[in-house]
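Subject: Structure handover

Hello,

Here is the structure I said I would pass on. My notes on it follow below the model.

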Amino acid sequence: MRIFLLSTLILLFGITIKAQDRHFSQFYSAPIYLNPALTGNYDGGFRIGLNYRDQWRGTLDNPFVSYSGFVDLKMKARLSAAQKDYAAVGAIFFADQVSAVDFNTNNMSFTGALHKSLDINNKQYLSIGFQFGISSRNVNYEKLNFADQFNGVDGFTENTNELLPANNFSFGDLSTGLHYSIRIKKHASLYAGLALHHILQPAISFYEKPTEEIYLQRKFTLYGGSELPISTSTSLNPRIFVMKQGEHLEMTGGANFRTLVNDYSGVAVHFGGWLRTNRSITGPVNPDAVILLAGFEYNRILFGVSYDINLGSLSKSRGRQAFEFSLGYLGETEEDGIVCPKF
């Protein structure tokens, strides 16, 4: 029965409704996925990162899994003799898997960004970025069950008369974004950004000639945050994240603390929490989940783990929760460079 229900869900997803993107609770640990303008937005020469999200383990025999990996490289751009400007390039791979029915989405994107200093002290930066990618989707029909396969007794053992299209297709995608940051003091900063994904609203149906137009809706992302020093070793990092895609609206707000344990070896710990709300197609804005975060930082290596506590209609099901892990490495660290939001 679970397979049958998931089969129906996947077919609806691919044929009769407009799609909504997956997301990471640790949205700042997937910066290129969040906003192309964040390519090269860090204090250093290069950056490597990995993200993994595991959702609904326990409720489903095979949980929903999302993961990504990215790399970006920053270099000096001689736009002004008196200011430090930077250019950056990067690449990101993203995959989303519904293992129970082998429904997979894969994306490979390439990004570029320019970071322009707005003052001679290089305390303010305006960044613009662009991203182009190729996505593919495929489904394993052997794991799908249809109503005409039911034998009337104990299972879906008959042959189906469904006229099924090719089980995979690909499409191109284009995104852009802006990011602004200002360093108020050595350890105090503000930043904000916005991004527009799926500019061309690519068609996403498995059918070459679907009965209705199926496309990936444009996604608008708006975020802001700051780093506020509380003491010589502890800082507060509040931030807010808003995403709108079609009639879906998601808002996340909260903060995390960073405490420096050992300045010489670069050891620091992070902990915090956020509240995520969303609005479905027909309903009002409701609380969706509380997100708890813990992180560890050592010598330019950053590891984070988060846990989503669901507040929705299925909150009584322990399997509805989600785990997420992130791992990043920052090379050739510089001081007093571009503001780099973490987690």
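Accessible areas here come from the Shrake-Rupley method with a 1.4 Å probe. On that basis the protein chain exposes about 17,100 Å², and carbon and sulfur atoms supply 61% of this area. Please keep in mind that the model is predicted.

Overall picture

The protein chain has 14 strands and two helices. It comprises 343 residues, of which 46% count as buried. Among contacts in the protein chain with a separation of 6 or more, 60% are between residues 24 or more positions apart.

Nonpolar cores

In soluble globular proteins, nonpolar side chains tend to be buried together. The largest nonpolar core in this model has 14 residues. Phe-103, Val-139, Leu-144 and Ile-204 have the most contacts inside that core. Another core, of eight residues, lies apart from it; its members include Phe-27, Tyr-223, Phe-241 and Met-243.

Aromatic rings

There are 17 aromatic pairs by the rule applied. One of them is formed by Tyr-28 and Tyr-223, with 5.9 Å centre to centre and 85 degrees between the planes, which is edge-to-face. Tyr-28 lies in the loop between α1 (2-15) and α2 (31-34), whereas Tyr-223 is in strand β8 (residues 219-229), so the pair ties together parts that are 195 residues apart in sequence. Both Tyr-28 and Tyr-223 are buried. They also belong to one aromatic cluster with Phe-27, Tyr-191 and Phe-241.

Lys-74 has its charged end over the ring of Tyr-42, 5.3 Å from the centre. The charged end of Lys-74 also sits over the ring of Tyr-86, at 4.4 Å from the centre of that ring.

Thr-259

Thr-259 is part of strand β10 (residues 248-262). Leaving aside neighbours within four places in sequence, Thr-259 is in contact with Ser-233, Thr-234, Val-267, Ala-268 and Val-269. With Thr-234 there is a polar contact between the two side chains, at 3.4 Å. The C-alpha atoms of Thr-259 and Ser-235 are separated by 6.6 Å, and these residues are 24 apart along the chain.

Regards

Terms used:
Residues are numbered from 1 along each chain as its sequence is written. This is a predicted model: local features need pLDDT of at least 70, side-chain atom pairs count only at pLDDT 80 or more; totals for chains, interfaces and linings use all residues. Side-chain values use heavy atoms; hydrogens and water are left out. Helices (H or I, at least four residues) and strands (E, at least two) are DSSP runs, numbered from the N terminus. Buried means under 20% relative accessible area, exposed over 50%, partly exposed in between (1.4 Å probe, protein chains only). Contact means heavy atoms within 4.5 Å. A nonpolar core is a set of buried Ala, Val, Leu, Ile, Met, Phe, Trp, Tyr and Cys residues joined through side-chain atoms within 4.5 Å. A polar contact is a pair of N or O atoms within 3.5 Å; within protein, one must be able to donate a hydrogen and the other to accept it, and residues adjacent in sequence count only if both atoms are side-chain atoms. Rings of Phe, Tyr and Trp (its six-membered ring) pair if their centres lie within 6.5 Å; planes under 30 degrees apart count as stacked, over 60 as edge-to-face and the rest as tilted. A charge sits over a ring if NZ of Lys or CZ of Arg is within 6 Å of the ring centre and within 35 degrees of the ring normal.
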